[in-house]
Amino acid sequence: MRTSDQTDKIIPAYITANHGVGAVKKTSSNPHFRSKYADLETVVDACADALHKNGLAVWQSINEGQLVTRLYHTSGQWMEGYTPLIIAKNDMQGLGSAYTYARRYGLMAILGIAQED
């Protein structure tokens, strides 16, 4: 993880937002593994209000085979984490699947949240 030079504003906002994140429920099913998981929309919905109320926003992009997840504060301070893109199929569907998976796990990782039943 990397951060901006200053973190005196983003860290308190992060802590408050983290406590305000709603439950990340496993509402989607993976029939191949017979398991349930929280899809990207559920993860985003669970944290959107807490981020907004604390002046935080998430930006995600691909850079050199990895997903960069950056958490911005209105002060300009930021922190970021990295998730490797592991592409199972060498086509656009494989890339899209890896990107969505990485976005979901990158967001949960940078916010320190987990899925629950």
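**Group meeting: a walk through one predicted model**

Gln 115 lies in the segment after H3. Helices here (H or I, at least four residues) and strands (E, at least two) are DSSP runs, numbered from the N terminus. Before going on, the ground rules. This is a predicted model, in which local features need pLDDT of at least 70 and side-chain atom pairs count only at pLDDT 80 or more, while totals for chains, interfaces and linings use all residues. Residues are numbered from 1 along each chain as its sequence is written, and side-chain values use heavy atoms, with hydrogens and water left out.

Back to Gln 115. Is Gln 115 buried, partly exposed or exposed? Buried means under 20% relative accessible area, exposed means over 50%, and partly exposed is in between (1.4 Å probe, protein chains only). With a relative accessible area of 22%, Gln 115 is partly exposed.

Which residues does Gln 115 touch, if we do not count residues up to four places away in sequence? They are Val 24, Lys 26, Tyr 37, Ala 38, Arg 104, Tyr 105 and Met 108. Contact means heavy atoms within 4.5 Å. Two of these partners also come up as polar contacts. A polar contact is a pair of N or O atoms within 3.5 Å; within protein, one must be able to donate a hydrogen and the other to accept it, and residues adjacent in sequence count only if both atoms are side-chain atoms. A polar atom of the Gln 115 side chain lies 2.7 Å from the backbone nitrogen of Ala 38. The side chains of Gln 115 and Tyr 105 are joined by a polar contact of 3.2 Å.

Sequence distance and spatial distance can be set side by side here. Gln 115 and Lys 25 are 90 residues apart in sequence, and their C-alpha atoms are 5.8 Å apart in space. Now take Phe 33 and Lys 9, which are 24 residues apart along the chain, with 42 Å between their C-alpha atoms. Phe 33 sits in the loop between strand S2 (28–30) and strand S3 (35–37). Its relative accessible area is 60%, so Phe 33 is exposed.

Helix H1 covers residues 10–20, and its buried residues are Ile 10, Ala 13, Tyr 14 and Ala 17. They lie on the same side of H1 because they cover an arc of only 100° around the axis; the arc is that of the directions from the helix axis to the C-beta atoms. What covers them? The cover includes helix H2 (40–53), strand S4 (56–63), strand S5 (66–73), strand S6 (78–84) and helix H3 (92–111).

Two packed helices are described by the angle between their axes and the distance between the axes. For H2 and H3, the axes come within 10 Å and cross at roughly 35°. Axes are lines fitted to C-alpha atoms, for helices over the stretch in contact, and angles run from 0 to 180 degrees between N-to-C directions. The crossing of H2 past H3 is left-handed, meaning that the near helix is turned anticlockwise from the far one by less than a right angle; clockwise would be right-handed.

Which residues meet there? From H2 come Leu 40, Val 43, Val 44, Cys 47 and Leu 51, and from H3 come Thr 100, Arg 103, Arg 104, Leu 107, Met 108 and Leu 111. By class, this contact has eight nonpolar, one polar and two charged residues. Ala, Val, Leu, Ile, Met, Phe, Trp, Tyr, Cys and Pro count as nonpolar, Asp, Glu, Lys and Arg as charged, and the others, Gly among them, as polar.

H3 also holds Met 92 and Gly 94. Met 92 is exposed at 66% relative accessible area, whereas Gly 94 counts as buried at 8%.

Last, strand S5. Arg 70 is found in S5 and, at 15% relative accessibility, counts as buried. Its side chain makes a polar contact of 2.8 Å with the side chain of Glu 80. The side chain of His 73 makes a polar contact with that of Ser 75, at 2.8 Å. Leaving aside neighbours within four places in sequence, the contacts of His 73 include Ile 10 and Ala 13, both of them among the buried residues of H1.

In the loop between S4 and S5 lies Glu 64. Glu 64 is exposed, with a relative accessible area of 75%. Its phi is near 50°, a positive value in a residue other than glycine.
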